[in-house]
Every structure is written in structure tokens, then in C-alpha cells.
Amino acid sequence: MEYISCAEAAGKWGISERRVQKLCEGERIPGVSKFGSMWLIPKDAEKPTDRRRKEFQHE
């Protein structure tokens, strides 16, 4: 399996590197693992939904 860094995932998903680190810490990205102080994110991982934002449906 190929992995990318937090910086690469941040660029790919359009979010900050720190946000990616927090998603890793919260186990929100499937298949993520930590090697020393570096997070390894599967290259094909999808960006998790942002639970901080509520989506409203218009009727």
C-alpha cells in the first residue's frame, strides 16, 4: 500500500496540515498509521466529512 504525508494530504484535500493531523489523531481516516512522529495516510484515502459543520436541508 502506498502512503502520503500529512502535508501531501492537506494539499490534496484543501485543508491545513494541522487539521489533517487532528483527523489522524481522532482516527477519522481509515488505514492511517503512525511511524515515529509521522502520520502515514493511505494514498487512496478519502477526505473525512467535517463534523464541525452542520448541513441543513431546505424543504
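Which residue's side chain meets that of R18 in a salt bridge? Hi everyone, let's start there. The partner is E25, and the N to O distance is 3.7 Å. By salt bridge I mean a side-chain nitrogen of Lys or Arg within 4 Å of a carboxyl oxygen of Asp or Glu.

A word on the model before I go on. It is a predicted one, where local features need pLDDT of at least 70 and side-chain atom pairs count only at pLDDT 80 or more, while totals for chains, interfaces and linings use all residues. Residues are numbered from 1 along each chain as its sequence is written, and side-chain values use heavy atoms, with hydrogens and water left out.

Back to the charges. The count comes to 3 salt bridges. E25 also meets K22, side chain to side chain, at 3.5 Å from N to O. Those two both sit in helix α2, 3 residues apart, about one turn of the helix. Helices here are DSSP runs of H or I with at least four residues, strands are runs of E with at least two, and both are numbered from the N terminus. Put together, R18, K22 and E25 form a network of salt bridges.

How open are these side chains? I'll call a residue buried under 20% relative accessible area, exposed over 50%, and partly exposed in between, using a 1.4 Å probe and protein chains only. On that scale R18 is partly exposed at 46%, E25 is partly exposed at 42%, and K22 is partly exposed at 40%.

There is also a salt bridge between the side chains of K43 and E2, at 3.5 Å from N to O. K43 belongs to the segment after β3 and E2 to the segment before β1, so this pair ties together parts that are 41 residues apart in sequence. K43 is partly exposed, with 44% relative accessibility, whereas E2 counts as exposed at 54%.

After α2 comes E27, with a positive phi near 55°.

Helix α1 can be read in a similar way. Which of its residues are buried? They are C6, A9, A10 and W13. Their arc around the axis is only 105°, which puts them on the same side of α1. They pack against β1, α2 and β3. G14 follows α1, and its phi is positive too, near 75°.

S5 counts as buried, at 18% relative accessibility. Leaving out residues up to four places away in sequence, S5 touches M38, W39 and I41, where contact means heavy atoms within 4.5 Å.

That brings us to the core. The largest nonpolar core has 13 residues, and those with the most contacts inside it are W13, V20, C24, I29 and I41. The term covers buried Ala, Val, Leu, Ile, Met, Phe, Trp, Tyr and Cys residues joined through side-chain atoms within 4.5 Å. Each of α1, α2 and β3 supplies at least two residues of this core, and α1 gives the largest share, 4 residues.

Definitions and conventions:
The arc is that of the directions from the helix axis to the C-beta atoms.
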